[in-house]
Amino acid sequence: MSASDILVIGGGIAGLSAAAALSKHARVTVLEAEEQVGFHSSGRSATMLHYFLGDRLVRALTLAGRAFVENPPAGFTEVPLGHAMPVLIHGREDERDALDALEIEIRQFADLDRLDATGVHELFPLLKEDAVHGLVDRGAIRLDAHALLQGNLRQVRSRGGELHTGTRISRIERTGNNWTVTSETGDVFSSPILINAAGSWADHIASLAGVQPLRLEPKRRTIITFDAPPGTNLEGLPFAKTIPDELYFAPESGRLFASPMDEVPSDPCDAQPDEYEIALAAHRMEERTTVKVRQIHSKWAGLRTFTPDRHPAAGFAPDAEGFFWLAGQGGFGLQTSPAMAAIVESLIAGTAWPITDVAREDLLPDRFLRQAA
Ligand SMILES: Cc1cc2nc3c(=O)[nH]c(=O)nc-3n(C[C@H](O)[C@H](O)[C@H](O)COP(=O)(O)OP(=O)(O)OC[C@H]3O[C@@H](n4cnc5c(N)ncnc54)[C@H](O)[C@@H]3O)c2cc1C
């Protein structure tokens with residue numbers, strides 16, 4: 001049996017970033033079911049950091065983690081964790097009021113420019129003529145998910161922590177003051193603290209441990225890539241999004257990618273794109289832009305897992321000693337990961353609370369369990 005101070009189930013961005021922060025204080029072991037880290041949601045994201053995702057709390061977490069992305073600690077990474085990519089929210093005449101309302105909300109977090117029809121088309125010439133209003137955040141960042149995952153993993157290892165891949169936990173018991181977990185292949189690990197960072201499977205992990213689940217909701221989202229019209233200059237194009245959650249698109253490795261921003265309820269699984277959402281992405285792209293999606297180059301889907309109030313859950317379970325929830329990263333888990341890791345560090349290692357704008361009660365899992373009781 002291998003013993004640590006803290007076990008983390010889940011080698012996605014949530015588990016790895018928390019493990020990196022905690023490895024300053026304790027011996028941390030990360031257990032990942034797949035052969036590689038980031039195989040599920042963390043490796044399938046649109047990899048943006050911006051403030052048009054989620055609500056005020058999500059924006060505050062994003063803002064708090066931004067300095068880390070721009071200035072990672074020494075030794076974290078040899079490559080930048082992201083590069084500048086403006087976010088353009090575009091709207092038709094009938095969407096103007098909604099854009100005004102959005103502008104008021106987001107201005108608290110980012111410097112924004114308001115664009116007229118000319119400004120919108122200068123920034124994204126492929127938009128149809130009826131895109132006449134725009135809001136742009138020129139400070140948004142396209143993240144490098146691989147660099148973020150590997151940087152956290154490097155920190156874990158350099159501080160004496162371990163990662164075990166191919167280790168799918170199928171049994172969890174509390175014995176004395178320890179959690180003892182067993183993988184499908186019979187490997188056994190134990191520690192007084194068990195962090196549940198299993199993404200879409202976090203409720204399943206809770207059930208294995210006899211802990212009350214949070215009623216998490218995994219929702220599938222689809223992305224397709226395709227060629228831009230010949231001669232399109234992709235350099236400098238923004239990440240473009242409709243005001244309602246209908247469509248986003250952006251340049252991607254010499255092509256364009258688009259998502260119909262689907263949220264299809266799913267069981268935890270290796271999510272695969274469905275023909276309907278693939279067609280919907282192409283249809284909405286042609287509705288809003290002059291692009292003809294003639295051939296889909298690649299497609300993928302991933303799960304975005306939400307708590308009932310769509311805020312992440314971080315904190316010890318009130319019904320099981322030493323069982324720590326780190327779940328519900330929804331569609332913002334990469335961009336909030338530096339702030340969430342600092343919060344986990346504070347809640348477990350007792351460091352100062354890192355974000356004045358966010359209260360710990362907003363994140364503790366108790367809020368759902370009280371409701372359920
Ligand atoms: C299409 C799409 C677009 C997105 N766009 C953005 C974006 O622009 N910006 C942003 O910030 N976020 C975005 N997200 C959201 C972001 O990807 C997620 O919030 C984040 O990756 C969740 O991380 P996680 O570590 O909780 O989950 P995961 O990455 O899924 O990690 C959980 C891990 O737990 C492991 N696990 C499960 N069960 C077990 C077990 N029994 N034993 C051992 N290991 C287990 C799994 O194998 C998995 O690797 C997007 C997501 C999708 C799908």
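Helices and strands here are DSSP runs, helices of at least four residues and strands of at least two, numbered from the N terminus. The model on screen is predicted.

**Stop 1: the whole chain**

Show the protein chain as a cartoon and colour it by secondary structure. The chain has 10 helices and 22 strands. Its radius of gyration is 21 Å, close to the 21 Å that the globule rule gives for 373 residues, so the chain is as compact as a globular protein of that length. Along the principal axes, the C-alpha trace spans about 65 × 45 × 40 Å.

Of the 373 residues, 56% are buried. Among contacts with a separation of 6 or more, 71% are between residues 24 or more positions apart.

**Stop 2: the ligand**

Select the ligand and the residues around it. How many residues surround the ligand? There are 39, and the closest are Glu32, Ser42, Met48, Gly330 and Gln335. Colour this shell by residue type: 17 of its residues are nonpolar, 16 are polar and 6 are charged.

- Serine 41: a backbone N or O atom lies 3.2 Å from an oxygen atom of the ligand.
- Methionine 48: a backbone N or O atom lies 2.9 Å from an oxygen atom of the ligand.
- Isoleucine 169: a polar backbone atom is 3.0 Å from a nitrogen atom of the ligand.

On its own the ligand has 1,000 Å² of accessible area, and the protein covers 97% of it. The elements that give two or more residues to the shell are α1 (13-22), β15 (217-226) and β20 (296-306). Which element gives the most? Select β20, which contributes 3 residues to the shell.

**Stop 3: glycine 15**

Go to helix α1 and select glycine 15. Is glycine 15 buried or exposed? Its relative accessibility is 0%, so glycine 15 counts as buried. Apart from neighbours within four places in sequence, glycine 15 is in contact with Val8, Gly10 and Ala197.

Then select histidine 50 as well and draw a line from C-alpha to C-alpha. Glycine 15 and histidine 50 are 35 residues apart in sequence and 22 Å apart in space.

**Stop 4: serine 346**

Select helix α8 (residues 337-349), where serine 346 lies. At 6% relative accessibility, serine 346 counts as buried, because the cut-off for buried is under 20%. Show the side chain of serine 346: it reaches the backbone oxygen of threonine 351 at 2.8 Å. Once neighbours within four places in sequence are set aside, serine 346 is in contact with Thr351, Ala352, Trp353 and Pro354.

**Stop 5**

Most residues other than glycine have a negative phi. The last two selections have a positive value.

Select threonine 47 in the loop between β3 (28-31) and β4 (48-49). Its phi is near 55 degrees, a positive value in a residue other than glycine. Threonine 47 is buried, with a relative accessible area of 11%.

Finish at serine 253, in the loop between β17 (248-252) and β18 (255-259). Phi of serine 253 is positive, about 45 degrees, although serine 253 is not a glycine. Is serine 253 buried or exposed? Serine 253 is exposed, with a relative accessible area of 70%.

Terms used: Residues numbered from 1 in each chain as written. Predicted model: local features only at pLDDT ≥ 70, side-chain atom pairs only at ≥ 80, totals over all residues. Heavy atoms only, no water. Near = heavy atom within 4 Å. Polar contact = N/O pair within 3.5 Å; in protein donor to acceptor, adjacent residues only side chain to side chain. Areas by Shrake-Rupley, 256 points an atom, 1.4 Å probe, with all protein chains shown as cover. Nonpolar A, V, L, I, M, F, W, Y, C, P; charged D, E, K, R; others polar. Buried < 20%, exposed > 50% of the residue type's maximum accessible area, 1.4 Å probe, protein only. Contact = heavy atoms within 4.5 Å. Rg over C-alpha atoms; globule rule 2.2 N^0.38 Å.
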